[in-house]
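Please keep the viewer open as you read.

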Amino acid sequence: MGYEFCDGGFFRLLFMWMLPCFLLKTIREVTRVIHVGHDSWWISVAIMFALLSSWTYSTIISLSASVLFYLVCNLQVIHFADYNKLLESDSDVITLIEEHLRLRHYLSKISHRFRIFLLLEFLVVTSSQVLTLFQTIGYHQIITLLNGGDFAVSSFVQIVSVGICLHAAAKISHRAQRVASVASQWHALLTSNSSDASRMRGSNSIGNFETLVNPIRTIPVVFSGSDLESWDGIIGPPSYTQMASSYNKRQAFVMYLQSNPAGVTLYGWTVDRKLISTVFLGEFSLILFVLGKTLVFSRQPT
């Protein structure tokens, strides 16, 4: 699924977001041609196509950067999916830690290389939207599609671009943070299986043997049946010393994941739903501040 996205999904996603933007811009230009008369319709149509061509080129360049960032994050989602499969099939804690460190290194490189782009994207969009709000409030005539269409289209394109970047960053951040939950389930399953296996060796009852022969399948988990069957073949009846050593390693591994959450960061701030909510509240507060400084409500005498 992820490799199919690499082949054609980039252009599919770019086309999916470019199409509504292009339709809005086309409607605006057609309306302008209809209401603004020229000496010749051919000249009006030629001007319209020239404006649409230049706007389409600049918009494709702008959205391509956001879609490229989405592609890079989507590739890391594939890596974390492979890591979850490794977690299901491999009980070597050292291998799991080394692989997680490698994934964190990749996310650190992505954050370092794209943080300037994300910050500039966010600052440019915020400043342009605030400026558009000032111009809209300061305009004393009726706002129509002719005089406000370009503002609406440009604002829509900018919001789409920022939305793609934030969605991609939050997606890979939450996928990376979910590894700790998967590792906790893995640790609980292995601990339960090892404890039941040791109890089974100390019991001479056939009935207890039949109830403990498949201890993992009695635990409701999110893994598939084939994964659980593979675990039954991997985990044998360990000794008490091996059980204690393996338990301590797995517990240390789970604590390591919980204490070192990975994800796309901006100068230490992880881009997840919490940061997006904070950004939304900050933008909303800025809008209310601008409206409070520009709008004056006068009470008419009764």
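## Salt bridges

The count of salt bridges comes to six, where a salt bridge is a side-chain nitrogen of Lys or Arg within 4 Å of a carboxyl oxygen of Asp or Glu. A word on the ground rules: this is a predicted model, in which local features need pLDDT of at least 70 and side-chain atom pairs count only at pLDDT 80 or more, while totals for chains, interfaces and linings use all residues. Residues are numbered from 1 along each chain as its sequence is written, and side-chain values use heavy atoms, with hydrogens and water left out.

A network of salt bridges links Lys25, Arg28, Glu29, Arg32 and Asp150.

| Pair | Closest N and O atoms |
|---|---|
| Lys25 and Glu29 | 3.2 Å |
| Arg28 and Asp150 | 3.6 Å |

Helices here are DSSP runs (H or I, at least four residues), numbered from the N terminus. Lys25 and Glu29, by contrast, both sit in helix H1, four residues apart, about one turn of the helix. In general, an α-helix has 3.6 residues a turn, so residues three or four places apart point the same way.

Glu29 counts as buried because its relative accessibility is 2%. Arg28 is at 9%, so Arg28 counts as buried too. Asp150 counts as partly exposed because its relative accessibility is 34%.

## The nonpolar core

The largest nonpolar core has 47 residues, and among those with the most contacts inside it are Phe69, Phe80, Trp186 and Phe253. Such a core is a set of buried Ala, Val, Leu, Ile, Met, Phe, Trp, Tyr and Cys residues joined through side-chain atoms within 4.5 Å. At least two residues of this core come from each of helices H1 (2-35), H2 (41-89), H3 (93-138), H4 (145-201) and H7 (240-259). H4 gives the most, with 15 residues.

## Cysteines

How many disulfides does the structure hold? The number is zero, a disulfide being a pair of cysteine sulfur atoms within 2.5 Å. Cys73 has its closest cysteine sulfur in Cys165, 8.5 Å away, which is too far for a bond. Cys73 counts as buried because its relative accessibility is 2%, and Cys21 counts as buried because its value is 0%.

## Helix geometry and the record

H3 bends by about 50° at Phe114; the bend is the angle between axes fitted to the seven residues ending there and the seven starting there.

The unreviewed UniProt entry annotates "transmembrane region" over several spans, including residues 40-73 and 151-170. Such annotations may be inferred rather than shown by experiment. In the model, residues 40-73 are 97% helix and 0% strand, with end C-alpha atoms 50 Å apart. Residues 151-170 are 100% helix and 0% strand, and their end C-alpha atoms lie 28 Å apart.

Terms used:
Buried < 20%, exposed > 50% of the residue type's maximum accessible area, 1.4 Å probe, protein only.
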